[in-house]
Amino acid sequence: MTFGNQMPPISNVDRRAAEAMLEYAIDAGVNLVDTADAYGGGESEEILAPLLARHRDELLISTKVGMGSRQERPLSQENVTASVENSLRRLGTEHIDVLYLHRPDRSTPIDETFDALEMLVSRGLVRTIGVSNWTGGETGYAVGRQRTLGRAQPSSVQVYWSLVGRDVEQEIVPTCQRFGIGVVVWSPLAGGYLAGRSDGRRSAWAFPPIDAVVGQRVVTVLRRVAENLGVTPARVAICWLLSRPEVTSVIVGASSLAQLKDNLAAATLDLGESDLAALSETSAVPSIYPSWWDAAMGVS
């Protein structure tokens, strides 16, 4: 999402810098690149095209549909099909490895959307499908429908999850565990908040939202852990997510090579049990119904 210049201040990485970052990531062992048709109106996908031309066999590419245009019924059969064909053209590839529905479209029946996805899978244009920013109920319905019909079901979800944003643990993550769906995390640093950045995207757009009291409490512990280990708070925050058994992968949206190197180093950071416990306890959120009822009644 940081590639290009069509969404300032979020996108501020030119083509040359993007290429250097991606080549470094591939050398470091990264094998998944995530983009969307909404990122810079397709500019991010276009920037990725030359890299894919050189490294297609080494990479999985995921992109998203549903937010790239503001037309009515963005996840209608017509719009989903057209969006995928446009993304393939911009990416310069014959297929998308993981296609995510970027947002719910409650004006279009889920059945219509997934019928369109089935056709794209059968044509070989899409390998696997996923959903992003859907509720646990919507995700569960989609999986159940596809299983009943013997069709391709969501293999993963993209969700916001961070030390200051743990709502996803209440219903969405348990739904994914029950159905064996992968969990891919976006914005692990809460838009730069956990990295301690006051400039950049959060200065223009305070997203994702953060409870100031909770945020300050978490940042205090995060900084203490980072100082004791001699690393950045960002590296610790990402490592905490990677330590969660429910997490399949974490998407980093670095805007410089230095940031990328630090983010990737989280994969080899060793957080001790006491540090993990301190971070988890400080950032814990109260259970919502029926989770607290289940806990009280011993329901698992």
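**Salt bridges, cores and aromatic pairs in a predicted model**

Good morning. Arg90 and Glu45 form a salt bridge, in which the closest N and O atoms are 2.6 Å apart. The two residues belong to distant parts of the chain: Arg90 lies in helix α3 (residues 77-91) and Glu45 in helix α2 (residues 43-55), 45 residues apart. Both Arg90 and Glu45 are buried. Please keep in mind that the model before you is predicted.

How many salt bridges does the structure hold? There are 15.

Is Arg106 buried or exposed? Arg106 counts as exposed because its relative accessibility is 62%, and the cut-off for exposed is over 50%. Glu138, in contrast, has a relative accessible area of 15% and is therefore buried. I also draw your attention to a network of salt bridges that links Asp111, Asp115, Arg145 and Arg151.

I now turn to the nonpolar residues. In soluble globular proteins, nonpolar side chains tend to be buried together. In this model the largest nonpolar core has 56 residues, and those touching the most other members are Trp161, Leu194, Val236 and Leu279. Helix α9 (residues 233-242) supplies the largest share of this core, seven residues. Apart from this core lies another, of 17 residues, including Phe3, Leu22, Leu51 and Leu59. Returning to Leu194, its contacts beyond four places in sequence include Leu163, Val164, Leu222 and Ala237.

Finally, let us consider the aromatic rings. The count of aromatic pairs comes to four. One of them is the stacked pair of Trp186 and Phe207, with 6.3 Å from centre to centre and 15 degrees between the planes. Trp186 is in strand β6 (residues 182-186), whereas Phe207 is in the loop between α7 (201-204) and α8 (212-229), 21 residues apart. Why is the pair of Tyr289 and Trp292 described as tilted? Their ring centres are 5.5 Å apart and their planes stand at 55 degrees, so the pair is tilted. Tyr289 is exposed, at 55% relative accessible area, while Trp292 is partly exposed, at 46%.

Thank you for your attention.

Technical notes: Residues are numbered from 1 along each chain as its sequence is written. This is a predicted model: local features need pLDDT of at least 70, side-chain atom pairs count only at pLDDT 80 or more; totals for chains, interfaces and linings use all residues. Side-chain values use heavy atoms; hydrogens and water are left out. A nonpolar core is a set of buried Ala, Val, Leu, Ile, Met, Phe, Trp, Tyr and Cys residues joined through side-chain atoms within 4.5 Å. Buried means under 20% relative accessible area, exposed over 50%, partly exposed in between (1.4 Å probe, protein chains only). Helices (H or I, at least four residues) and strands (E, at least two) are DSSP runs, numbered from the N terminus. Contact means heavy atoms within 4.5 Å. A salt bridge is a side-chain nitrogen of Lys or Arg within 4 Å of a carboxyl oxygen of Asp or Glu. Rings of Phe, Tyr and Trp (its six-membered ring) pair if their centres lie within 6.5 Å; planes under 30 degrees apart count as stacked, over 60 as edge-to-face and the rest as tilted.
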